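Visitor: Could you walk me through this one? I have the files open and would like to ask as we go.

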Amino acid sequence: MAVPAGSPQLSPGHPTPRGVAQARGLFDREILAQAALGAFKKLDPRLQVKNPVMFVVLVGTVVTFVEAVGHPGVFSWSITIWLFLTVVFANFAEAMAEGRGKAQAETLRRMRAETEARRLRPDGSEELVAAAALAKGDLVVCEAGDLIPSDGEITEGVASVDESAITGESAPVIRESGGDRSAVTGGTKVLSDRILVRITAERGQTFMDRMIGLVEGADRQKTPNEIALTILLAALTIVFLPVVVVLQPFGRYAGASVSVVVLVALLVCLIPTTIGALLSAIGIAGMDRLVQRNVLAMSGRAVEAAGDVQTLLLDKTGTITFGNRMASAFVPVGGRMEEDLAEAAQLASLADETPEGRSIVVLAKQRFSIRERDPGGRREFIPFSATTRMSGLDVDGRRIRKGAADAVCRWVTEQGGVVPAGLGQIVEQISRAGSTPLVVADGAEILGAIELKDVVKQGIRERFEQLRAVGIRTVMITGDNPLTAATIAQEAGVDDYLAEATPEAKMDLIRAEQEGGRLVAMSGDGTNDAPALAQADVGVAMNTGTTAAKEAGNMVDLDSNPTKLIDIVEVGKQLLITRGSLTTFSIANDVAKYFAIIPALFVTTYPQLNTLNIMKLHSPQSAVLSAVIFNALVIIALIPLALRGVRFRPASAPSILRRNVWIYGVGGVVVPFIFIKLIDLFLTAVRWY
Amino acid sequence: MGFFWTIVVLVILLGVSWRYLGSYMAAVYEGRVRYLWWVERPIYRVLGVDPEAEQSWQRYAGALVVFSGVAILVTYLLLRVQGLLPLDPQHLGAVSPALSWNTAVSFATNTNWQNYAGESTMSYLSQMVALAVQQFVSASVGIAVAVALVRGFARKSSPTVGNFWVDLVRGVLYILLPIAFSAGLVFVGQGAVQTLAGPVTTHNALTGAKQVIPRGPVGFMEAIKELGTNGGGFFNANGAHPFEDPTALTQFLSVFLVLAIPFSLTYTFGKMVGNRRQGVALAAAMVIIFGTWVGFTSYAESQPNPAVAAAHAVSQPQGNMVGKEVRFGPLSTSLYNVASTQTSTGSVSGANDSFTPMGGFGLLTGMMLGEVTPGGVGSGLYTILLFALVAVFLGGLMVGRTPEYLGKKIQAREVKLAALGVLVMPVTVLVLTAIAVSIHAGRAGPGNAGPHGFTEILYAFTSQANNNGSAFAGLNGNTAFYNVAGSIAMLLGRFAIIVPVLALAGVLAAKSVVPAGLGTFRTDTPLFTGLLVAVILIVGGLTFFPAVSLGPVVEALSHGRLF
């Protein structure tokens with residue numbers, strides 16, 4: 001399949017980080033330093049109380065601190081310090097996740113220098129005001145070199161605009177009044193021409209402001225699933241409280257004296273500190289991963305919903321096929337040579353700068369090595385017009401035309417030519433295959449037709465197969481007739497299609513899916529997409545789209561690449577998998593901790609309990625301390641995983657589950673046995689005990 | 001070899017009842033079976049209930065709590081005034097207030113914890129009208145709650161979960177009465193006594209000794225005792241008494257009756273939610289844990305009793321025969337007692353106290369897992385569904401979807417209610433045990449010192465908070481402290497779980513259903529069964545590990561090895 005050089009290639013799973021998300025290493029030194037500071041700033045109990053698990057650890061630290069002050073000893077101080085570090089590590093994880101966002105926000109702020117705006121007075125004269133003073137509805141003038149002061153809509157004029165501040169894409173885009181390309185964003189730069197912009201955002205509510213807020217996670221709220229998980233973790237914490245507290249009376253009954261420090265240590269080891277410490281970092285990092293793919297999610301809720309999406313509505317054009325049709329074959333008629341047809345078609349397209357025209361030139365070169373050339377002589381290009389529906393070239397008396405079949409036929413008959421008998425059949429065949437026929441005529445003679453094909457993007461079929469494997473149905477939306485739609489749907493491998501789609505039909509489809517209980521994701525850019533974007537559970541608006549579309553959706557794709565939907569779904573799933581896996585890991589860890597601490601707790605009263613000390617830990621103190629140290633260090637060790645997310649491979653639910661149960665469930669039982677033993681060996685080796 | 005065939009026949013019979021009793025129960029609660037309508041209708045008229053009117057979960061729970069409250073009061077009063085009532089051939093007189101209260105709560109909560117010896121405390125009227133009636137209705141209440149929860153899963157966007165009064169009446173009329181009556185005939189036929197004629201006095205002509213042998217309406221009470229997973233026997237010796245459990249056949253029948261309804265309810269569940277494999281997944285989890293525990297306990301009991309071995313008194317070729325009926329031996333007794341502790345029955349055919357430490361560990365931990373394998377009538381199903389929700393929550397997240405079970409999204413409210421339901425029991429057990437070992441009244445209870453005494457207390461509260469009712473023995477429970485503390489354990493273990501379960505039923509019923517797809521975490525697969533077993537074991541293990549370490553484990557280890 002011919003794909004012209006320079007066309008956007010689909011690279012599944014490998015988004016190029018750029019723009020807002022200037023790729024930063026996971027452990028950027030600047031972020032690390034900031035996070036280390038943040039870890040201590042977050043010790044404020046008012047912040048800590050929001051995380052019930054870590055709050056219990058903080059209270060426990062205070063208790064052991066008091067004990068350590070009252071009865072100083074290496075053991076109680078060691079425990080106190082490590083409990084304190086557990087809290088600090090948890091804060092550090094959160095600060096790390098936030099730090100990455102903050103660094104990005106800082107870059108944005110620097111770009112959004114305080115701008116001056118040229119506001120139009122009602123009488124038509126201009127005045128200079130600060131961008132901050134602009135109100136919704138004001139009219140401003142922007143000329144080449146100006147920064148657009150705020151979000152707005154072009155009411156007059158056309159301009160090329162550099163939007164790299166937002167998208168990172170350095171190629172300028174065209175913005176013009178009217179239609180779907182009239183929205184401009186504050187902070188972007190006009191490169192040419194002059195436009196009048198009506199401000200559509202209130203101060204502090206601009207896209208840039210919202211973007212900064214989002215990447216900073218300033219107004220981050222817990223998502224529904226995060227709340228549910230927090231409840232489960234809180235319940236576990238609450239139940240471990242009596243489990244540990246009753247050991248005091250149980251021990252007394254057995255004639256053992258149980259130290260408060262050890263009980264606190266046991267409690268902290270049992271409650272799910274690992275996931276408790278990393279939970280918010282996982283959520284922030286999930287949003288951050290979207291930002292790195294140049295997608296801004298307006299809420300964490302939307303990211304979570306993305307993981308649940310069961311139906312994906314994809315626009316055909318731009319998502320499944322390249323936006324433009326491409327020449328794929330020359331079909332001569334009436335005994336003509338194919339090469340002659342190609343030659344004429346190429347001549348007729350030389351001046352045609354549309355992608356279709358370029359693709360004809362490219363195909364002619366590929367098939368018959370017909371080079372681009374200067375036709376020479378006296379020549380006149382005939383541009384395409386809506387009335388003639390043809391374009392072509394007059395050169396040295398040759399009049400070559402290409403265009404819609406009926407238009408070219410009429411043109412030929414007007415000149416006294418005859419339409420060859422086979423043409424009708426050829427045209428119909430091409431149409432039936434979902435392609436568009438262009439008929440080529442040289443003077444009064446029809447040479448044949450060019451097949452312009454809607455080219456399905458490479459790799460998209462495999463992508464849909466992966467989606468099917470994870471249980472997501474893809475529906476192609478197109479304005480084409482059902483025949484064409486069916487052909488392309490089959491070629492691309494989508495599960496279903498909606499042909500001759502109107503905004504109403506789209507809306508009905510979304511409603512029908514939702515009534516069946518399915519979550520729907522879609523992307524769109526036009527104002528007429530806005531209702532559907534609002535109705536969909538995950539609505540991704542293209543950044544090139546209208547303000548209405550951007551406001552209706554709950555995500556904005558800065559690259560305006562509709563294929564992103566698939567990435568977004570993956571990020572959502574990855575977020576949930578990471579939460580579930582780390583929770584399982586955290587709970588599974590408790591088994592080993594019990595085997596470390598329970599024998600240590602009662603071995604003086606019941607020496608036979610040393611049988612349960614299956615790790616053969618050196619002494620009761622070293623056993624407890626090793627468990628506490630492991631509990632703290634595992635948080636640090638898992639920060640990269642929390643920030644990066646558990647690897648998501650498209651597969652069916654059972655195989656994903658089996659894999660994660662093995663790694664995080666069984667692994668979660670085994671790993672702490674090994675590391676607690678190693679820490680114990682280390683503590684013994686350095687003669688801490 | 002005999003034990004092997006016992007198991008084979010038991011498995012076959014349970015398989016048959018799982019299929020047919022299960023589908024029959026679904027038909028009963030879906031209102032498709034109506035042959036006793038002529039009995040039902042007058043009952044509803046007397047109760048003033050419109051059988052067609054469904055209730056919201058709040059009204060359902062309200063009716064249930066009111067009914068149980070009245071049941072406790074009526075039972076309490078009957079026991080207090082039994083001396084004034086007929087059918088008291090032994091002239092036993094009123095039961096003390098604390099004991100009456102404990103017993104009333106015990107039978108109304110399907111626990112059947114008995115701080116008394118039946119033959120020397122309760123009149124025939126009390127046994128029949130106060131206690132046996134509760135054995136029917138408390139069992140029916142349990143099943144009703146389970147069915148309400150199942151409706152929650154089965155229904156879409158429904159404001160109601162059923163009608164408590166209808167479920168209660170139908171459970172008794174269509175399920176418990178017919179089966180208990182048939183089984184009662186077998187018990188009586190095998191020699192379980194059934195008479196109102198009072199005790200007999202025998203004279204031994206040779207020694208001149210006089211012996212009073214208590215009798216009573218035992219046989220039919222025995223049937224509902226087992227069928228309703230009640231466990232409260234007529235005699236103090238319970239299933240070890242030859243008048244209650246006269247032959248090997250009745251021993252076998254008892255085990256079957258105990259397991260029949262709880263296991264079959266998983267089929268009912270699958271049928272009502274429209275996917276039988278869902279029920280198979282739950283049943284499989286029950287079988288795995290139950291089978292493992294039977295094997296473990298039987299193995300422990302087939303080992304010599306360590307204390308006897310230490311005394312070099314006798315050789316023990318049959319294993320631990322201490323406290324066992326010679327008729328049954330260690331294996332059959334282990335099966336009976338494991339079945340009784342993993343349901344909410346609590347009847348015993350041998351003394352738990354005399355099991356080896358690890359055998360006792362098997363019985364104790366069977367209850368600590370929450371009595372879900374298969375658990376009590378109804379309570380087993382609704383409790384395992386709570387564990388299933390937790391398993392689904394973790395499993396669902398691990399496949400990258402917000403979790404759903406049977407198409408119902410599991411969100412904050414569901415997690416809150418499920419966690420509450422799962423965690424009430426361990427917290428109740430641990431806190432009450434801690435109080436008991438800390439205060440004088442509590443420390444006075446156990447008959448043994450050290451870890452064994454600790455196990456006796458721990459066992460008592462575990463049994464009561466699980467509404468099991470089996471006693472480890474060796475604990476003097478008929479004191480003000482144990483009567484009251486025990487009743488608190490029983491009430492919390494029953495209603496502090498039932499109310500969240502019904503709330504869950506209501507919340508789930510109101511939800512719409514998400515259709516299953518390839519990306520859905522499937523709950524009708526071996527993988528889910530494995531995850532469910534793991535969650536049950538982990539929750540039980542994490543909550544009770546320290547307590548069990550200080551009881552049976554330490555005791556076993558003091559003999560130098562576990563078995």
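Visitor: How confident is the predictor in chain A?

Guide: Bear in mind that this is a predicted model. The mean pLDDT of chain A is 84, with 92% of its residues at 70 or more.

Visitor: And where in chain A is confidence lowest, and where highest?

Guide: The lowest mean, 68, belongs to helix H5 of chain A, residues 164-167, whereas helix H3 of chain A, residues 52-70, has the highest at 95. There is also a stretch, residues 1-23 of chain A, over which the pLDDT is below 50, although in the model this stretch has 41 contacts beyond near neighbours in sequence. Where pLDDT is low, predicted coordinates should not be read in detail.

Visitor: OK, the interface. What area is buried between chain B and chain A?

Guide: About 4800 Å² is buried between the two chains, and carbon and sulfur atoms give 79% of that area. On the chain B side, Met398(B), Leu542(B) and Leu550(B) supply 15% of the area that chain B buries against chain A, which is more than any other three residues supply. In terms of contacts, 56 residues of chain B meet 56 residues of chain A.

Visitor: How many salt bridges and polar contacts go across?

Guide: The rule finds two salt bridges across the interface, and eight residue pairs are in polar contact, counting pairs with both residues at pLDDT 80 or more. One of the salt bridges joins Asp308(A) to Lys409(B), with the closest N and O atoms 3.4 Å apart.

Visitor: Which helix of chain B gives the most to that side?

Guide: H19(B) does, with 14 residues. Taken by residue type, the side of chain B that touches chain A has 36 nonpolar, 16 polar and four charged residues.

Visitor: Switching topic: is Thr297(B) buried or exposed?

Guide: Thr297(B), which lies in helix H10 of chain B, residues 276-301, has a relative accessible area of 0%, so it counts as buried.

Definitions and conventions
Residues numbered from 1 in each chain as written. Chains lettered and ligands numbered in written order. Predicted model: local features only at pLDDT ≥ 70, side-chain atom pairs only at ≥ 80, totals over all residues. Heavy atoms only, no water. Contact = heavy atoms within 4.5 Å. Buried area = accessible area lost by both parts, 1.4 Å probe. Salt bridge = Lys/Arg side-chain N within 4 Å of Asp/Glu carboxyl O. Polar contact = N/O pair within 3.5 Å; in protein donor to acceptor, adjacent residues only side chain to side chain. Helix = DSSP H or I, 4+ residues; strand = E, 2+ residues; numbered from the N terminus. Nonpolar A, V, L, I, M, F, W, Y, C, P; charged D, E, K, R; others polar. pLDDT = per-residue confidence, 0-100. Buried < 20%, exposed > 50% of the residue type's maximum accessible area, 1.4 Å probe, protein only.
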